[in-house]
Each structure stands twice: as C-alpha cells, then as structure tokens.
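Please look at the charged side chains in this protein. Which of them pair up, and where do they sit along the chain?

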Amino acid sequence: MSDAVGGSAAGTTGGSPTGGAAAGSTTGPADGPTHRRTTRATGGATGGAAAAGSATGAAGGPSAGPRGLVVGVGASRGVPVDEVHGLVEEALREAGLSTSDVVALATLDAKAAEPGVLGAAERLGVPLWTYGAERLARVPVENPSPAALRAVGTPSVAEAAALAGGGELLVPKRRSAPAGRPAGVTCAIARLGSRTPSTTAVTRPQRT
C-alpha cells in the first residue's frame, strides 16, 4: 500500500483531554502542524494548561526533551485502532524505544478524522499533529512513494510527518501485517530536533 490512501477531509475533533481544559483544535503557523486535542492559549501556556501537564518549549512549542519521539503514521480509510496502535508499539519495542518517550503522533491532515489514528493517539496519551500535503512533500525522506504522491499529494506521510519538526529518523517506514488483507498502516519514528514546531500550549491526555 502507499503511505496513506483514501483520505477523508480533515476534521476537528471534540472531547476533552483528561485533566485538561475544554478541547478544541489549534492551528499553528504556515509550516507548523495543526494540533488535535489542544487548549486554546495566547502567548504560551495558560495556568489551566500548565496544571494539566502541558509542556512548552522554544517559541511556545511543546518541549520534547532529549528523548522526545514523534511517530509518523499513514493510514488507509477505516483502519482499526488496534492495527495503528499495534504497529506503533511493535516498532517502538523492536527499536528498543519506550512509549513513555513519545510526545506526539503525526500524520497528514486528511487523516485527522480517522478513528483508528485518533484512537491510537488517545491510547498513547499524546496529541495528534497534522500537516498539509504541501508541507510534507517538502520533507526529504528515505522511502518516497510515487503511489502516495498520486493518492494524497505527498510522496511520504509516515516518514515526512515524523520528520516535519526536524530531528533524526530512528525507524524508517514500516507496514502493518494484518492477516488476510493488505497492510492498512505505515509508521516511522523520529527523535524530535531543535526545530520544534511553534504552537500554543498542548495538553496531554492521561496515558492508559
């Protein structure tokens, strides 16, 4: 399969993160991601966001620390959450990485409303960062896909989304392996670099 196929239009998720303020979606600058399940804030973290455990960094962005990991995800339409979450956990485990170091899932904005992708972020207790196809198409990657370019307008979703905030690719794109049908998910893992996307404060749901 390509990195992401059959995408639906980007949407805004509702609900409220555990321990956080009222949820909404916040759009960053042109090159920054849209953050799902965020608090609206002006000029940095609010008192409520800080109390909920949000992290802020340079330029108001989330601070990953030296071990912060971003998992880029590509997904087919209607992929189940177990397939997304299972691939992410498998990729982390086989690379000797910990789910506790993951600071975000990242994907194409057309996948923002996919229940499987949203559900995986919720299970990990991290925000979902989304980027437009034009932004992802500018990110150099190891494994570009002509099929993904034709389908969604960018030659990479998983690797490009993982690397869109800068940093180092730790796990190249890999695919899920469901029984009896084609793979529905790709993922890649990067260590977040110093070019942290500039955003408002982000609250994290509690990990379950």
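What follows is a short report on salt bridges.

This is a predicted model, in which local features need pLDDT of at least 70, side-chain atom pairs count only at pLDDT 80 or more, and totals for chains, interfaces and linings use all residues. Residues are numbered from 1 along each chain as its sequence is written, and side-chain values use heavy atoms, with hydrogens and water left out.

A salt bridge is a side-chain nitrogen of Lys or Arg within 4 Å of a carboxyl oxygen of Asp or Glu. By this rule there are four salt bridges. The table lists some of them.

| Pair | Closest N and O atoms |
|---|---|
| Aspartate 82 and arginine 123 | 2.8 Å |
| Arginine 174 and glutamate 90 | 3.0 Å |
| Arginine 174 and glutamate 94 | 3.0 Å |

Helices (H or I, at least four residues) and strands (E, at least two) are DSSP runs, numbered from the N terminus.

Take the pair of aspartate 82 and arginine 123. Aspartate 82 is in helix H2 (residues 81-94), and arginine 123 is in helix H3 (residues 115-124). They are 41 residues apart.

Now take arginine 174. Glu90, Glu94 and Arg174 form a network of salt bridges. Arginine 174 pairs with glutamate 90. Arginine 174 lies in strand S6 (residues 167-175) and glutamate 90 in helix H2, so this pair ties together parts 84 residues apart in sequence. Arginine 174 also pairs with glutamate 94. Glutamate 94 is in helix H2 too, so that pair ties together parts 80 residues apart in sequence.

How accessible are these residues? Buried means under 20% relative accessible area, exposed over 50%, and partly exposed in between (1.4 Å probe, protein chains only). Aspartate 82 is exposed, at 52%. Glutamate 94 is exposed, at 54%. Arginine 123 is partly exposed, at 33%. Glutamate 90 is partly exposed, at 28%. Arginine 174 is partly exposed, at 21%.
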